[in-house]
Every structure is written in C-alpha cells, then in structure tokens.
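Welcome, and please take a moment with the sequence and the fold. A short tour follows, grouped by topic.

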Amino acid sequence: EVVYMGDVVDRAAHLAHKAGRDWQPPIWVGADFRLNLNDHNKGLLTQRNDSEVGTVYTGDVVMTQMNDWIADTLG
C-alpha cells in the first residue's frame, strides 16, 4: 500500500479546493503536472497567478466524445 504525504498532498489539496469554486475553471494543475503534457494539452491550459497557491495552470476542457456518450446515455 502506498501512502502519500507532505508537500505533494498539501499542494494537490489546495489546487482541488480552488478548482471550480466561485466560477473558477474546474481544472487546476501545477507546473510539474503541466510539464508532462503534450503540446496540444498544454495549449488547453492558461497560466495564472493565484494569491494563495502561486502560479497555476487552469482550464475548462470537455472531452467531447465522453460528453456525447453521456448525453446519448441519458437520452
């Protein structure tokens, strides 16, 4: 069993807390996560500076195929 502790968990908790609140974009990621994305996916995110968590990358991205599947499933 793997247990994650420390700064990584703290940072993730802060990003998750911010995401989607008060009309904010629902996706918030840190610089390390963004570095692992391909150029197309990096382009879907916008860099911003948040007074509490510093530099973050945010986005409001919908996987259209999944969205269509949900719409078809729900009728």
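Which residues are linked in a network of salt bridges? Lys18, Asp50 and Glu52 make up that network, where a salt bridge means a side-chain nitrogen of Lys or Arg within 4 Å of a carboxyl oxygen of Asp or Glu. The model you see is predicted, so local features need pLDDT of at least 70 and side-chain atom pairs count only at pLDDT 80 or more, while totals for chains, interfaces and linings use all residues. Residues are numbered from 1 along each chain as its sequence is written, and side-chain values use heavy atoms, with hydrogens and water left out.

**The salt-bridge network**

- A search of the whole structure turns up two salt bridges.
- One of them brings the side chains of aspartate 50 and lysine 18 together at 3.3 Å, N to O. Since aspartate 50 belongs to strand 2 and lysine 18 to helix 1, this pair ties together parts that are 32 residues apart in sequence. Helices (H or I, at least four residues) and strands (E, at least two) are DSSP runs, numbered from the N terminus.
- Glutamate 52 also forms a salt bridge with lysine 18, with the closest N and O atoms 3.3 Å apart. This pair links distant parts of the chain, 34 residues apart: glutamate 52 sits in the loop between strand 2 and strand 3, and lysine 18 in helix 1.

- Lysine 18 is found in helix 1, which covers residues 7-18.
- Is lysine 18 buried or exposed? Lysine 18 is buried, because its relative accessible area is 16%; buried means under 20% relative accessible area, exposed over 50%, and partly exposed in between (1.4 Å probe, protein chains only).
- Aspartate 50 is buried as well, whereas glutamate 52 counts as exposed because its relative accessibility is 59%.
- Leaving aside residues up to four places away in sequence, lysine 18 touches Gln24, Trp28, Asp50 and Glu52, with contact meaning heavy atoms within 4.5 Å.

**Strand pairing**

- Strand 1 (residues 27-29) pairs with strand 3 (residues 54-59) in the antiparallel sense over three bridges; two strands pair if DSSP finds at least two bridges between them. Valine 29 has tyrosine 57 in strand 3 as its bridge partner.
- Strand 2 (residues 46-50) runs antiparallel to strand 3, and five bridges join the two. Here arginine 48 has valine 56 in strand 3 as its bridge partner.
- A hairpin of three residues leads from strand 2 to strand 3.

- Tryptophan 69 is part of helix 4, residues 64-74, and counts as exposed because its relative accessibility is 54%.
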